[in-house]
Amino acid sequence: MGQYVAPIRDMQFVLHEFLKVEDELKALPDYSEVDADIINQVLEEGGKFTAGVLFPLNHSGDREGCKHDAATHTVTTPKGFKEAYKQYVEGGWAALACDPEYGGQGLPVVLNNSFYEMLNSANQAWTMYPGLSHGAYECLKEHGTDEQKKTYLPKLVSGEWTGTMCLTEPHCGTDLGMLRSKAIPQDDGSWKITGNKIFISAGEHDMSENILHLVLARVPDAPEGSKGISLFLVPKYLPKEDGSVGERNPITCGAIEEKMGIHGNSTCQMNLDGAKGWIIGQPNKGLNAMFVFMNAARLGVGMQSLGLTEVAYQNAVIYAKDRIQMRSLTGPKNPEQPADPIIVHADVRRMLLTGRAYAEGARAFTSYVALQIDRELHHPDEDVRKEAADEVALLTPIVKAFITDNAWIATSEAMQVFGGHGYIAEWGMEQYVRDARINLIYEGTNTIQSLDLLGRKILGDNGAKLRKFGEKIKSFVEENGLDENLSEFITPLGELGDKVTKLTMEIGMKAFQNADEVGAAAVPYLRVVGHLVYSYFFAQMAKIALEKQDSSDTFYKAKLATARFYFARLQPETATLIRQARSGSANLMALDADLF
Ligand SMILES: Cc1cc2nc3c(=O)[nH]c(=O)nc-3n(C[C@H](O)[C@H](O)[C@H](O)COP(=O)(O)OP(=O)(O)OC[C@H]3O[C@@H](n4cnc5c(N)ncnc54)[C@H](O)[C@@H]3O)c2cc1C
């Protein structure tokens, strides 16, 4: 069913030539030993594992789905998932970017990021089982007690146990302030937790020995709303002193959801019937602690969509070279056959290049953000750590929303390349579209990401974080503005930067009069800023490619062509988006609700 080859050459370009990660990592004492050889070896081995072990289970996993047994509350994952997970654990993949203190390999996030792209290209549904564990690891590492870290982190790092995030309840998804699950303190320092959680990814499965649920609930007398939420660690099996699994905890899966895509991943209704748990961090400060998990997961969702964009693009290219239909408008290109391969047609190329540009843009963008996370966590200079943290905070909602929106477009275009053969299940293309759709919804819908970007991250700090990032763009434009060879990239980048500054000020002013202006502008605004970020990265990549375009390596010619396509065909949508963002709230709010 199709094919997947990890795009190692482009990953190497991004890591070695664009980001120069070896030099960057030398400034971080924990990673000073990580050199190009280690990076390339992980990419090669990661490519083999994901393409050889996980990709063959993607389509079959989708067809088969997960099965729930109501009598035993168990979930069986599709054939082969469990065995693949065993290989993943034995290969030490779960431990790649984890702290050696807990058994991790201590490699940087920026490298793990490339591996996550591969995992998601090969099999998004499967990847969600270990993917959530990493968020749980980050959260416990930052907010857990020493005892909790000692008991749980080595198990998460080895992959023997997996993690979940249990936030959503039937009556509350976006508005977690309304959640009702309750936690009652016990004499032994533990808590008894009761409630119903829905839509819990990987809430129950047969791939690991134990599952650690990170559950949001309210303690007695908690303030109303989001200020009264606490976070608890609730294991499926209570761990014994020696670290082995003990008594079954009453947190069980009542049902799994029928859904549009990611069928290989169990989406569970979880019932907590007085389950035993331990508080993580302080009472009523649970959302703060959970934000560590949520931010990791938001970046993870961006990676899911990058993975899908890449694999859908690869398969569309193979098909477009093979499928013959009609003649090229400029005369036969394949005269010995009755028709030309469809890749000769301009619009088929537009669809392919859309996927290619969105994959390459997202790869550069997410790798950049991952490197900033490494700097945030490991740079010896506090000011550098703070600056990196601010950038990660600013860019996280863009990673989540812009990449997932683009993947929805790109997977759909890739399916379109197949004509009717894309719509039927046989070629696997419709699965990518179905799988891609959830990424716009969970981990905070893309609307919520847009509100977070514009309302909290930008207007909330008077544009300080955006200005700081904008200064980087400005200096790049100033340094390269006189280079005629680069003007096709620098001019639209500089112009868009100016437009974003004006637009932000305009919305900020309007928001003083009417808060609905923020909600009305947020979604197109995020897309405009997403394009500013991509324009900046494509211009930098084009600069490198221009310098090397005469080399025998045709990679650089292709990189340039993709950057040109991006600026000519994708970035110009900002003109429309800016008009939409400026159009104000009146056109949305004028209609009375009962007239809809
Ligand atoms: C397959 C799947 C897996 C999931 N996995 C998990 C998981 O592992 N753990 C977990 O806890 N949850 C999980 N979820 C839940 C998911 O995070 C929520 O569905 C999501 O956050 C949206 O919440 P909701 O469905 O209640 O929609 P609602 O909150 O009811 O929102 C409905 C619509 O209103 C919009 N809206 C809401 N508030 C505003 C506002 N202020 N301004 C503008 N628009 C607004 C939303 O954007 C959305 O379009 C999963 C869901 C699915 C379908």
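Colleague: Which residues of α7 are buried?

Modeller: This is a predicted model, and a residue counts as buried when its relative accessible area is under 20%. In α7, that group consists of Gln 148, Lys 149, Tyr 152, Leu 153, Lys 155, Leu 156 and Val 157.

Colleague: Against which elements do the buried residues of α7 pack?

Modeller: One partner is a helix, α6 (109-143). The others are the strands β3 (161-166), β6 (210-217), β7 (230-235), β8 (237-239) and β11 (267-280).

Colleague: At which residue of α7 does a kink lie?

Modeller: Helix α7 covers residues 146-158, and its 18 Å reach from first to last C-alpha is close to the 18 Å expected. Just after α7, Gly 159 has a positive phi of about 90°. Within α7 there is a kink of about 35°, shortly before the proline Pro 154, and it lies at Tyr 152.

Colleague: Which residues come nearest to the ligand?

Modeller: There are 18 residues around the ligand. Elements giving two or more residues to this shell are β5 (191-201) and α13 (446-458). The residues that come nearest are Thr 168, Thr 174, Phe 199, Ser 201 and Thr 445.

Colleague: How much of the accessible area of the ligand does the protein cover?

Modeller: Thr 168 places a polar side-chain atom 2.7 Å from a nitrogen atom of the ligand, and Phe 199 has a backbone N or O atom 2.7 Å from a nitrogen atom of the ligand. An N or O atom in the side chain of Thr 445 is 2.7 Å from an oxygen atom of the ligand. Of the 990 Å² of accessible area that the ligand has on its own, the protein covers 62%.

Colleague: Is Asn 265 buried or exposed?

Modeller: Asn 265 is found in the loop between β10 (251-256) and β11. Its contacts beyond four places in sequence are Cys 66, Ala 125, Met 128, Tyr 129, Ser 201, Ala 202 and Lys 259. Because its relative accessibility is 1%, Asn 265 counts as buried.

Colleague: Is Met 326 buried or exposed?

Modeller: Met 326 lies in the loop between α8 and α9, and its phi is near 60°, a positive value in a residue other than glycine. The cut-off for an exposed residue is over 50% relative accessible area. Because Met 326 has 64%, it is exposed.

Colleague: How many of the 37 residues of α8 are buried?

Modeller: Helix α8 (residues 286-322) should span 54 Å at 1.5 Å a residue, and its end C-alpha atoms are 54 Å apart, which agrees. A kink of about 30° is centred on Val 292. Helix α8 is largely enclosed by the rest of the structure, because the number of its residues that are buried is 29 of the 37.

Colleague: Which residues does Ala 407 touch, not counting those up to four places away in sequence?

Modeller: Ala 407 has its place in helix α10 and is buried, with a relative accessible area of 0%. On the count that leaves out residues up to four places away, it touches Ser 305, Thr 309, Ser 412 and Ala 436.

Colleague: With which residues is Ser 535 in contact, leaving aside its neighbours within four places in sequence?

Modeller: Ser 535 lies in helix α16 (residues 516-547) and is buried, at 0% relative accessible area. Helix α16 is one of the elements against which the buried residues of α17 pack, and the buried residues of α17 include Tyr 566 and Phe 567. The contacts of Ser 535 are Leu 493, Leu 496, Tyr 566, Phe 567 and Gln 571.

Colleague: What is the relative accessibility of Gly 419?

Modeller: Gly 419 is placed in the loop between α10 (382-417) and α11 (420-423). Gly 419 counts as partly exposed because its relative accessibility is 41%.

Key:
Residues are numbered from 1 along each chain as its sequence is written. This is a predicted model: local features need pLDDT of at least 70, side-chain atom pairs count only at pLDDT 80 or more; totals for chains, interfaces and linings use all residues. Side-chain values use heavy atoms; hydrogens and water are left out. Helices (H or I, at least four residues) and strands (E, at least two) are DSSP runs, numbered from the N terminus. The expected span of a helix is 1.5 Å times one less than its number of residues. The bend at a residue is the angle between axes fitted to the seven residues ending there and the seven starting there. Buried means under 20% relative accessible area, exposed over 50%, partly exposed in between (1.4 Å probe, protein chains only). Contact means heavy atoms within 4.5 Å. A residue is near a molecule or strand if one of its heavy atoms lies within 4 Å of it. A polar contact is a pair of N or O atoms within 3.5 Å; within protein, one must be able to donate a hydrogen and the other to accept it, and residues adjacent in sequence count only if both atoms are side-chain atoms. Accessible areas come from the Shrake-Rupley method with a 1.4 Å probe; for residues, only the protein chains shown count as cover.
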